[in-house]
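Colleague: I would like to go through this model with you, one question at a time. Shall we begin?

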Amino acid sequence: MRETDFEKRYQEDIDPWGYRDSWYEQRKYAITLACLPRERYRTAWEPACSIGVLTRGLAARADRVIASDASPTAIAAARSGDVPPNVEWNVHPLPAGPPPSSADLVVLSEILYYLALPDRERTLSQAWTALDPGGDLIVVHWRHASDDTHLSGEDTHVWLRSRPGWRHLISHRDEEFILDVFRKP
């Protein structure tokens with residue numbers, strides 16, 4: 001497996017996966033936002049926010065969004081243009097550093113399959129720690145495998161559903177991506 005150097009990818013192309021324009025991303029964002037169980041959230045945490053395209057949609061549904069990415073270049077791009085005032089942008093690699101102390105929504109979009117098992121477990125543990133009781137976790141991945149991921153999206157969600165403690169609320173699976181919503185009891 002080839003490890004992805006996200007900072008290098010963003011320095012070479014500020015939108016390396018077509019977040020702003022691809023139909024796949026636009027459709028995935030629309031379905032992700034539509035699958036949020038609540039109309040409104042107090043605090044959303046979106047680690048691995050990239051250039052902040054989904055973040056802007058979350059900002060319309062949450063009073064406060066804490067968005068972070070390991071890439072300083074991606075965060076600089078996220079901070080540019082029309083920036084919602086309720087978003088806090090941070091450079092923060094996963095799973096380093098403490099999670100927010102209180103959130104009612106955590107969004108993990110296309111990040112878990114890039115993490116080796118110890119980091120994947122630690123990131124999920126951070127989501128659990130960050131969420132208040134009754135908080136929602138939404139996880140979405142491209143279904144397939146890539147030469148720079150540890151798991152396919154399918155296998156990532158099989159692993160995710162096997163984790164104890166979470167209450168599973170919603171599944172969406174189509175030919176391109178897979179999405180699950182869990183609630184912390």
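**The pocket and its surroundings**

Modeller: The largest pocket has a volume of about 730 Å³. The model is a predicted one.

Colleague: Which residues are the closest to the centre of the largest pocket?

Modeller: The largest pocket is lined by 37 residues. Those closest to its centre are F6, Y19, E110, I111 and Y114.

Colleague: Which element gives the largest share of the lining of the largest pocket?

Modeller: The elements that give two or more residues to this lining are α1 (6-12), α2 (23-34) and α3 (53-59). The largest share is 4 residues, and the element behind it is α2.

Colleague: How many residues in the lining of the largest pocket are nonpolar?

Modeller: Sort the lining by class. There are 9 charged and 8 polar residues. The nonpolar residues number 20.

Colleague: How many residues apart in sequence are the parts that the pair of F6 and Y114 ties together?

Modeller: F6 and Y114 form an aromatic pair, edge-to-face, with 5.0 Å centre to centre and 85° between the planes. F6 is in helix α1, while Y114 is in the loop between β4 (103-109) and α5 (117-130). The pair therefore ties together parts whose separation in sequence is 108 residues.

Colleague: Is Y114 buried or exposed?

Modeller: Buried means under 20% relative accessible area. F6 has 23% relative accessibility, so F6 counts as partly exposed. Y114 has a relative accessible area of 13%, so Y114 is buried.

Colleague: What is the angle between the planes of Y113 and Y114?

Modeller: Y113 is buried, and so is Y114. Their rings form an aromatic pair, 5.3 Å centre to centre. The pair is edge-to-face, and planes over 60 degrees apart count as that. The angle between these planes is 90°.

Colleague: Which residues form one aromatic cluster?

Modeller: The structure holds 8 aromatic pairs. F6 with Y114 is an aromatic pair, and Y113 with Y114 is another. The one cluster is made of F6, Y10, W17, Y19, Y113 and Y114.

Colleague: Where does the charged end of R120 sit?

Modeller: A charge sits over a ring if it is within 6 Å of the ring centre and within 35 degrees of the ring normal. The charged end of R120 is 5.1 Å from a ring centre, and it sits over the ring of W159.

Colleague: Which residue in β7 does H168 stand opposite?

Modeller: Strands β6 (residues 167-173) and β7 (residues 177-183) pair in the antiparallel sense, over 6 bridges. They form a hairpin with 3 residues between them. Opposite H168 stands F182.

Key: Residues numbered from 1 in each chain as written. Predicted model: local features only at pLDDT ≥ 70, side-chain atom pairs only at ≥ 80, totals over all residues. Heavy atoms only, no water. 1 Å grid on protein atoms, 1.4 Å probe; cavity = no way out; pocket = protein on both sides within 12 Å on 5 of 7 lines; lining within 4 Å. Points joined across faces, edges and corners; volume = space filled by probe spheres on them. Nonpolar A, V, L, I, M, F, W, Y, C, P; charged D, E, K, R; others polar. Phe/Tyr/Trp six-rings, centres within 6.5 Å; stacked < 30°, edge-to-face > 60°. Buried < 20%, exposed > 50% of the residue type's maximum accessible area, 1.4 Å probe, protein only. Pairing = 2+ DSSP bridges.
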